[in-house]
Amino acid sequence: MTVGQTTAPRPAIRPTRRRLSAGWAALWLNVLVTFVFLYAPIVVMSVFSFNASRQMQVWMGFTLDWYVRMFHDERVRVAAENSLIIALVSTLVSTVIGTLTALALERTRFRVKSLYEGAMYLPIIVPEIVMAIALLVFFNLTFQWLGQLFGLRLNFGLGTITIAHIAFSFPFVAVVVRARLADFDRTLEQAAQDLGANDWQTFRYVTLPLLMPGIIAGALLAFTLSIDDFVITFFNAGVGSTTLPLEIYGRVRRGITPDVNALSTVLLLASMLLVLGSLALQRRRST
Amino acid sequence: MAIVEQIQAGERTASWRERLGDAIRQREGLRALLLAGPGGLWLLLFFLLPTAIVFAYSFARRGPYGTVAWTFTLENYVRFFDWLYIRVFLVSVWLALLTTLICLLIGYPFAFVIARSPRRWRNALLVLVLIPFWTNFLVRTYAIMLLLRSDGLINNLLQRLGLIDQPLTMLFTPFAVVLGLVYGYLPFMILPIYASIEKFDFTLIEAAQDLGANAWHAFWRVLLPLTLPGVLAGSILVFIPSVGAFVTPDLLGGGKVVMIANLINQQFLTVRHWPFGSAVSFVLMAIVLAATMLYFRIGETRRI
C-alpha cells in the first residue's frame with residue numbers, strides 16, 4: 001500500500017498529459033462540431049420564421065407576419081386544442097396507471113409478475129409503426145363488431161388517439177416512478193407505522209410525498225410523449241381530429257411554407273420551456 | 001390432560017398462524033390485483049390483443065376491396081422473399097447500422113469529454129445535448145429539410161462561395177436519411193456512454209500508463225472494455241428506433257429511400273393489403289426483438 005502511494009508515478013503522468021493535449025483539442029473540436037450540428041437546423045428554422053420573403057433562400061428583412069397568420073389560423077387553433085386535450089387526459093390516466101404499476105412491481109408479489117413486467121416493457125421496445133398499425137387493426141375490428149352486434153357506430157377520433165397514447169406512455173411513467181421507488185428509504189414508512197399510522201396514512205403522508213418528484217417527472221414525460229407523437233396518432237386519428245404534429249406533417253408534405261417555420265418555432269420554444277421548467281423543479285426538490 | 005391441552009393449544013396456534021398467513025397472502029393478492037390490474041388490463045386490451053390480431057392477420061388472405069379473408073396461408077411471409085421487399089429489408093438494416101456506427105464514432109468521444117470536464121460544467125453540457133432532443137421529432141426533421149433543400153442554406157452558402165455551380169442534391173437521398181437519424185437519436189448514444197464513463201475509475205488508466213501503456217492502449221485495452229455496457233446500451237437504443245423509423249425516411253427520403261416502416265404504411269394505407277402489411281410488421285418486430293435478445297446475451301456473457 002505505502003509503496004503504491006509514493007509520489008513516484010506522478011512524474012510519469014504529467015508528460016503523458018502534455019502529449020495528449022493535441023488529442024484533447026481534437027476531442028473538444030468534436031464536441032464543438034456536434035453542438036453546431038445539433039443546434040444549426042433549429043436555429044436556422046427559427047431565424048427564417050421571421051423572414052419577410054416567401055422563399056426560404058434569402059433574407060429579405062424582419063417580419064412577424066407568419067406568426068400573426070399562424071395565430072389567426074383556424075386549423076392551427078383546432079389542432080392545438082386537440083393536442084392539449086389528448087395530452088392532458090392521457091397524462092392524467094397514464095400517470096395514475098403507471099404509478100400503480102410501479103407500486104405493484106416494486107411492492108407486491110404475484111404469480112405472473114415476470115410475465116407482466118416483460119409485457120410492460122414491450123410497448124417501449126416495439127417500433128412505433130408496429131404498435132400504430134396494431135391499434136388501427138384492433139379499433140377497426142372492434143368498431144365493426146360493435147356495429148354488427150349492438151348497432152353502435154364508433155369512429156376513430158380523439159378517443160382512439162387518447163387510448164393509444166395512454167398505452168405507450170404509462171410504461172414510461174412506471175419505469176420512472178419505479179426507479180424512485182427502488183432507492184426509497186423504507187425505514188421512513190416503518191417509522192410512520194411505529195408511530196401508529198395505518199397503511200393508508202403511511203401511503204398518503206409518507207410514501208406519496210416522497211414519490212412525488214418521480215411521479216411529476218413521469219407525468220412530464222407522458223405529456224411530452226403525447227404532444228410529440230406523430231406515428232401512432234397518424235394511424236389512429238379519424239377524419240377531422242388533427243393534432244399539431246399531424247398538421248405540421250400535412251403542411252410539410254404539401255410544400256414548405258414559412259408559417260410552418262413559425263408554428264415549429266413556437267412548438268420548439270414550448271418544449272424547451274417544459275424541459276427547463278422540469279429541470280428547475282427537480283433541482284428545487286432535490287435541495 | 002395436560003398433554004392433550006398442549007396439543008390443542010399447539011393446533012390452535014398453528015391454525016391461527018395459518019389463517020393470518022392466508023389473510024396476509026389474500027390481502028397481498030388483492031393489493032397486487034388492484035395495483036397491477038389497471039396497467040395489466042390496458043396492456044392486454046390495447047397492446048397484446050391488437051398485436052395478436054396483427055399476427056393472425058399476417059396468415060390471412062386479402063379479400064376483395066382490401067378486406068381480410070380468414071383463410072390460413074403462409075404466402076405473405078413467402079412474398080417477403082421477393083427481391084423488391086428483401087431490398088427494403090436490407091436497406092433498413094444497413095441504414096440503421098450505419099446510423100448506429102456514426103452515432104458511436106461521434107458519441108463516444110463526446111461523452112468522454114463531458115464526463116472528464118469539471119463537475120459544474122457536466123450538467124450544463126448534458127442539458128445542452130438534451131434541449132434539441134426534447135423538441136418535437138417532426139420539427140427537427142423539418143428543420144433538416146430546410147438546410148438540405150436545393151435552395152436551402154447549405155447549397156446557397158456553397159454557391160455564394162463559388163465552390164459549386166449547380167446545387168447539390170442532398171435531400172431525398174440515403175445521406176439525408178442517415179443524417180436525420182443521427183440527428184434524431186445521437187443523445188440515445190451519448191447518455192448511456194456518459195453514464196458508464198462517469199462511473200469509470202480513472203486511476204486504472206494511470207495504472208495502465210505506469211505499466212507502460214500509451215494513450216491508445218489505455219483506451220483500447222482498459223477504458224473501452226470497461227465502458228462496453230454503455231456502448232452496447234447506446235447502440236441498441238439507436239439501432240431499434242432507426243430500423244423502424246417512419247418519419248425520417250418518409251420526409252428526408254421523399255419516397256426514394258424506402259424503409260420497412262414506409263413499406264408497412266404503404267401496404268396499410270395505399271395498397272390496402274392488410275395481411276401482407278401485418279406480415280411485414282412482424283418481420284420488423286422480429287428484427288427488433290432479435291437485436292434486443294442479442295444485446296442481453298452479450299451483456300450476460302460479459303458479466304461471467
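What percentage of the 304 residues of chain B count as buried? In this predicted model, the share of buried residues in chain B is 49%. The secondary structure of the chain consists of 13 helices and 2 strands. Of the contacts in chain B that link residues at least 6 apart in sequence, 66% are between residues at least 24 apart. The chain has an accessible surface of about 15,900 Å², and carbon and sulfur atoms account for 68% of this area.

The interface with chain A was examined next. The size of an interface is often given as the accessible area lost when the parts come together. For chain B and chain A, the buried area is about 7,600 Å², with 80% of it on carbon and sulfur atoms. On the side of chain B, the greatest losses of area to chain A fall on W42(B), W134(B) and Y142(B), which together make up 10% of what that side buries. The contact involves 78 residues of chain B and 86 residues of chain A.

D250(B) is paired in a salt bridge with R253(A), at a distance of 3.0 Å between the closest N and O atoms. Helix α1 of chain B (residues 2-57) supplies 22 residues to the side that touches chain A, the largest share. By residue class, that side of chain B comprises 56 nonpolar, 11 polar and 11 charged residues.

Terms used
Residues are numbered from 1 along each chain as its sequence is written. Chains are lettered from A and ligands numbered from 1 in the order in which they are written. This is a predicted model: local features need pLDDT of at least 70, side-chain atom pairs count only at pLDDT 80 or more; totals for chains, interfaces and linings use all residues. Side-chain values use heavy atoms; hydrogens and water are left out. Helices (H or I, at least four residues) and strands (E, at least two) are DSSP runs, numbered from the N terminus. Buried means under 20% relative accessible area, exposed over 50%, partly exposed in between (1.4 Å probe, protein chains only). Contact means heavy atoms within 4.5 Å. Accessible areas come from the Shrake-Rupley method with a 1.4 Å probe; for residues, only the protein chains shown count as cover. Buried area is the accessible area (1.4 Å probe) that two parts lose on being put together, summed over both. A salt bridge is a side-chain nitrogen of Lys or Arg within 4 Å of a carboxyl oxygen of Asp or Glu. Ala, Val, Leu, Ile, Met, Phe, Trp, Tyr, Cys and Pro count as nonpolar, Asp, Glu, Lys and Arg as charged, and the others, Gly among them, as polar.
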